[in-house]
Amino acid sequence: MRTLGLASLICLAVLLAGCGDVFIRANWNGNNQTASGFVSIVQLMFVTDGNNVYTQVTIVTVQDNLVASNFSFCGDQRSQFPPDRFAQATFTPGTTCSTLVSVAIKA
């Protein structure tokens, strides 16, 4: 109930600050999130945490509406992201890297 009250208060503040022009986009899929765009760069690297533990990570750069975003997925996921194709990835966020749940390549 407390969360509903807080959400209502935030929504009211956004409406007042936006003078009526408000656009909210959300995607709730449990703990999973989605990212989509045209795949521009795919790199395999190793990253370390504070305990000198190395993890293999795939860094994927996608572009959507001229905005580039980077995502890091655990393991070697290079085959999942063909360059110059539109991809939609569903993943569970993590501290060092995100766990890839699925990837849909659009034609």
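Student: Where is aspartate 84 found?

Tutor: Aspartate 84 is found in the loop between S3 and S4. Strands here are DSSP runs of E of at least two residues, and helices are runs of H or I of at least four, numbered from the N terminus. This is a predicted model, in which local features need pLDDT of at least 70 and side-chain atom pairs count only at pLDDT 80 or more, while totals for chains, interfaces and linings use all residues. Residues are numbered from 1 along each chain as its sequence is written, and side-chain values use heavy atoms, with hydrogens and water left out.

Student: Is aspartate 84 buried or exposed?

Tutor: The terms rest on relative accessible area: buried is under 20%, exposed is over 50%, and partly exposed lies in between (1.4 Å probe, protein chains only). Aspartate 84 has a value of 64% and is exposed. Its C-alpha lies 5.3 Å from that of valine 39, although 45 residues separate aspartate 84 and valine 39 in sequence.

Student: What is the order of the strands in the open sheet?

Tutor: In general, strands of a sheet pair through backbone hydrogen bonds, in a parallel or an antiparallel sense. Two strands count as paired if DSSP finds at least two bridges between them. Here five strands form an open sheet in the order S3-S2-S1-S4-S5, with antiparallel pairing. S3 and strand S5 (99-106) are the edge strands, each pairing on one side only. Direction ignored, neighbouring strands of this sheet are turned by 35° against each other on average; the axes are lines fitted to C-alpha atoms, for helices over the stretch in contact, and angles run from 0 to 180 degrees between N-to-C directions.

Student: How many bridges join S2 and S3?

Tutor: S2 and S3 pair over eight bridges in the antiparallel sense.

Student: Which residues line the largest cavity?

Tutor: A cavity is a set of points on a 1 Å grid over the protein atoms alone where a 1.4 Å probe fits but cannot get out, and lining residues have an atom within 4 Å of a point. Grid points are joined across faces, edges and corners, and the volume is the space filled by probe spheres set on the points. The count comes to one cavity of 30 Å³ or more, and the largest holds about 50 Å³. Its lining is made up of Ala35, Ser36, Val60, Val62, Phe71, Phe73, Phe81, Ala87 and Ala89. Strand S1 (33-48), strand S2 (54-64), strand S3 (67-74) and strand S4 (86-92) each give two or more residues to this lining.

Student: Which residue forms a salt bridge with aspartate 76?

Tutor: Side chains of opposite charge can pair when their charged atoms come close. The criterion is a side-chain nitrogen of Lys or Arg within 4 Å of a carboxyl oxygen of Asp or Glu. The whole structure has one salt bridge: aspartate 76 pairs with arginine 78, with the closest N and O atoms 2.8 Å apart. Aspartate 76 is partly exposed at 36%, and arginine 78 is partly exposed at 42%.

How values were computed
On a 1 Å grid over the protein atoms alone, a cavity is a set of points where a 1.4 Å probe fits but cannot get out, and a pocket is an open set with protein on both sides within 12 Å along at least five of seven lines; lining residues have an atom within 4 Å of a point.
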